[in-house]
Amino acid sequence: MSILDWAVLCSTLAFIVIYGIWKTRQQQDINSYLLGNKEAKWFTVALSIMATQASAITFLSAPGQAFVDGMRFVQFYFGLPIAMVVLSSVVVPIYHKMNVYTAYEYLEKRFDLKTRTFTAILFLTQRGLAAGFTIFAPSLILSSLLGWNINITNIVIGVIVTAYTVIGGTKAVNQTQKLQMAVIFVGMLIAGVLVVQMLPDEISFSNALHIAGVAGKLNAVDFEFDPTSKYNVWSGIIGGFFLAMSYFGTDQSQVQRYLSGASIAQSRLALLFNGMIKIPMQFLILFIGAMVFVFYYFNPSPIIFNKVALTEATEKVDGFDKLQKEYAHQMKERESSALDYAAALNFGNKEEIATTKSHLMVENAKTVALKSEIIEKVEKQAPEVDVNDTNYIFLNFVIEYLPQGLIGLLIAVILSASMSSTSSEINALASTTIIDIYKRILKKDGSDQHYLTASKMVSVGWGLYAILFATFANKLGSLIEAVNILGSLVYGVILGVFSIAFFFKKIGSKPTFYAAIISEGIIIYLFFFTEVPFLWYNVIGCLSVILFSLIFSYFMKEEVRMNEE
Amino acid sequence: MDQNEQKPPVGKSWKQLYAIVLGELVVLITLFSIFSKAFN
């Protein structure tokens, strides 16, 4: 990285952090610390919600996903706007009216202490591990592509984010996220424009779309109902709806964002705004990936985009240099076919278009087959080499091809995204620890000042925990996978518990608690003994809790504790 | 919920805003579908 890149990167991040701390320097009580005095306007809350969901991996992985698998991943978000409408109309008024600090606090008012504590602990376990991973994942990629020391990167990101979260609490998280989202939007927009501009002169934007289309990269929508397919319209709408309901409705890292809204109306509008912006935003990020794919038709493309893995493969695989030359030759053949196809499109002769198109399809297939053959060889001869390079493709493009200054800005985008998610997580972990565990069970009679100090100390604790987890994550490969699995294993059941609380006013705590335990057993069975894709766990877990609760409530007559209406 | 809370900060009513969000979803899926068919 050049001095200019470093200057852009450091000044952008420093400005965001200093601004966040300065804007929130007068924190006085626990309410202002955890809920920002409930003063935030809808636009601030909306950006905070979006910044919390969009981690660094979103911006690193999504373009790579489109590069490898096409744009069909966008369907994953189709259920989100529907969930935003349900949450906005039903859930937000309940949380606001009950004046709760955390989502789990509501469960005690609705059911009992054991249900509240159970869900709070599930959240702390799952989100605590995820917070470390949010720091670790971008550090790993930056260290591979830029040669940065991974531990120092973890510590720098972790210490900065913990510092401003501890000092400013929820307000600082909201204020910094506004600027972080601005940096992210500007950076991604510039990257998108540049990748199209950097295509050869003879390739128009329309040509680029046709070339990406021939390779199947613009497959944004698939209406075929296939329960085994990860992404189609139906799994996106149904599975995505349940996932978004669980994440935005029951995960404290999101609930805390809209609880900081100045009124019910401000929080509701923030969620609706998120519902409108999320899909176009993801579409554009994926589209950048599809354009990066076209860009590499006309520029040298490595077999593996992860530089560390490429070096290892070169050293450990017999004849890898020869394979690389063979691959480069095939890429040239493909480039030539793409240029012929573009020329035919520009000329407009239908026959010539059909001929050059089928030729390009043949060259595409040959390229894919050759790459698979090489990757297979690497996996066989050097199984320790990580050949899954989806997350490295976009940043590799940024570092190799974008001009000085913009590289710094794009790395600021990645780090901003990482910090914005982590700050919300630390903030939410601290709130849940203090409100649902410490204040409720361990020390009930503390002063406001005592809980404020305790919140700050707990935030420091969770920040250090996240840094420690990120530092050791390299040695815990299978645990990282477990973090993602753990999330999908518990989200559906938690949503089921909240659904009973919100929509089935006559069902009490006992039927819900037992239904949750049985449903969790079903999800674990599905995970170990079936091939059901994880997105469906959310649907099955939630519906199972509702079904069993209804059955049990028929046999277990009990008095329902409260009704918020 | 009081009357002030009932009124959205923008737009006429919440129902109208919900319709806009869900309508946009339908429009986006239709546009994406046309986009996919045009270039695949």
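These legends describe close-up views of a predicted model.

**View 1. The contact between chain A and chain B in the predicted model.** Chain A contributes 28 residues to this contact, and chain B contributes 21 residues. On the side of chain A that touches chain B, the elements giving two or more residues are helix 5 (80–98), helix 9 (205–214) and helix 12 (264–295) of chain A. Helix 12 of chain A gives the most, with eight residues. For the model, the scores are ipTM 0.92 and pTM 0.86.

**View 2. Chain B, with its two helices.** Chain B has two helices and zero strands, and of its 40 residues, 20% count as buried. The average pLDDT of chain B is 85, and 85% of the residues score at least 70. As a caution for reading any such view, where pLDDT is low, the predicted coordinates should not be read in detail.

**View 3. The packing of helix 8 (residues 150–197) of chain A against helix 12 of chain A.** Two packed helices are described by the angle between their axes and the distance between the axes. For helix 8 and helix 12 of chain A, the angle is about 30° and the axes are 9 Å apart; because angles under 35 degrees count as roughly parallel, these two helices of chain A are described as roughly parallel to each other. Their crossing is left-handed. Helix 8 of chain A makes the contact through A:Met188, A:Ala191, A:Gly192, A:Val195 and A:Val196, while helix 12 of chain A makes it through A:Leu284, A:Ile285, A:Ile288, A:Met291, A:Val292 and A:Phe295. Of the residues in this contact, ten are nonpolar, one is polar and none is charged.

**View 4. The crossing of helix 7 (residues 113–146) and helix 16 (residues 393–401) of chain A.** The axes of helix 7 and helix 16 of chain A come within 11 Å and cross at roughly 40°, and the crossing is right-handed. The residues that make the contact are A:Ile141, A:Leu145 and A:Leu146 from helix 7 of chain A, together with A:Leu395, A:Asn396 and A:Ile399 from helix 16 of chain A. Five of the residues in this contact are nonpolar, one is polar and none is charged.

**View 5. A:Ile407 and the residues that it touches.** A:Ile407 has its place in helix 17 (residues 406–442) of chain A, and it is buried because 23 other C-beta atoms lie within 10 Å, where 20 or more are needed. Not counting residues up to four places away in sequence, A:Ile407 touches A:Met1, A:Asp5, A:Val398, A:Ile399 and A:Leu402. One of these residues, A:Ile399, also takes part in the contact of helix 7 with helix 16 of chain A.

**View 6. A:Asn99 and helix 6 (103–110) of chain A.** A:Asn99 lies in the loop between helix 5 and helix 6 of chain A, and its phi is near 55°, a positive value in a residue other than glycine. A:Asn99 counts as exposed, because it has 11 C-beta neighbours inside 10 Å. Helix 6 of chain A, by contrast, is largely enclosed by the rest of the structure, because seven of its eight residues are buried. The buried residues of helix 6 of chain A are A:Ala103, A:Tyr104, A:Glu105, A:Tyr106, A:Leu107, A:Glu108 and A:Arg110.

Key. Residues numbered from 1 in each chain as written. Chains lettered and ligands numbered in written order. Predicted model: local features only at pLDDT ≥ 70, side-chain atom pairs only at ≥ 80, totals over all residues. Contact = placed C-beta atoms within 7 Å. Helix = DSSP H or I, 4+ residues; strand = E, 2+ residues; numbered from the N terminus. Buried ≥ 20, exposed ≤ 12 C-beta atoms within 10 Å, placed from the backbone. Axes fitted to C-alpha atoms, helices over the stretch in contact; angles between N-to-C directions. Left-handed = near helix turned anticlockwise from the far one by under 90°. Nonpolar A, V, L, I, M, F, W, Y, C, P; charged D, E, K, R; others polar. pLDDT = per-residue confidence, 0-100. Parallel < 35°, antiparallel > 145°, perpendicular 65-115°, else oblique.
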